[in-house]
Amino acid sequence: MENAGLNTYLPLMLMFLFALGFVVITMIATHTLGPKRKSKTKLEAFECGIEPKGNARIPFNIKYFLVAILFVLFDVEVIFMYPWAVNFKELGMKGFVEMIVFIILLMIGFFYIKKKGAFTWED
């Protein structure tokens, strides 16, 4: 019985080993076979065609990251509404009430972060 349990995981282990082997072989092959022509121009940092100026480690306003995280958070919350919309008729009134509660909780969170000033841009 114990041997049968290991046999069920054999395909998963083989897939993992093949994936790991592919990654390792690809990384080694690209490192050894790739071109090695280094020059000052190739080693420069490139971003949007703009010449780099100053230190790249200057303080960055955390508000940009906060707004990005909030966008992702609310975007993911909206994704939960798609299955509800697809099954709207089958869920009936119970599903409708549950979605209203979900939207109310979502709006409470939105107004809370708005009240805390997460969307104000101060430099």
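Predicted model: local features only at pLDDT ≥ 70, side-chain atom pairs only at ≥ 80, totals over all residues.
**View 1. The fold from end to end.** Starting at the N terminus, the elements follow the order α-α-α-α-α. Residues are numbered from 1 along each chain as its sequence is written, and side-chain values use heavy atoms, without hydrogens and water.

**View 2. Confidence along the chain.** The mean pLDDT (the predictor's confidence in each residue, from 0 to 100) is 84, and 89% of residues reach 70 or more. Helix H5 (residues 88-115) has the highest mean, 90, and helix H2 (residues 40-43) the lowest, 76.

**View 3. The largest nonpolar core.** Leu-70, Phe-74, Leu-106, Ile-113 and Ala-118 make up this core, to which helix H3 (62-79) and H5 each supply at least two residues. Such a core is a set of buried Ala, Val, Leu, Ile, Met, Phe, Trp, Tyr and Cys residues joined through side-chain atoms within 4.5 Å; buried means under 20% relative accessible area (1.4 Å probe, protein chains only). Of the 123 residues, 8% count as buried.

**View 4. Around Ile-113.** Leaving aside residues up to four places away in sequence, Ile-113 touches Leu-70, Phe-74, Ala-118 and Phe-119, with contact meaning heavy atoms within 4.5 Å.

Technical notes:
Helix = DSSP H or I, 4+ residues; strand = E, 2+ residues; numbered from the N terminus. Buried < 20%, exposed > 50% of the residue type's maximum accessible area, 1.4 Å probe, protein only.
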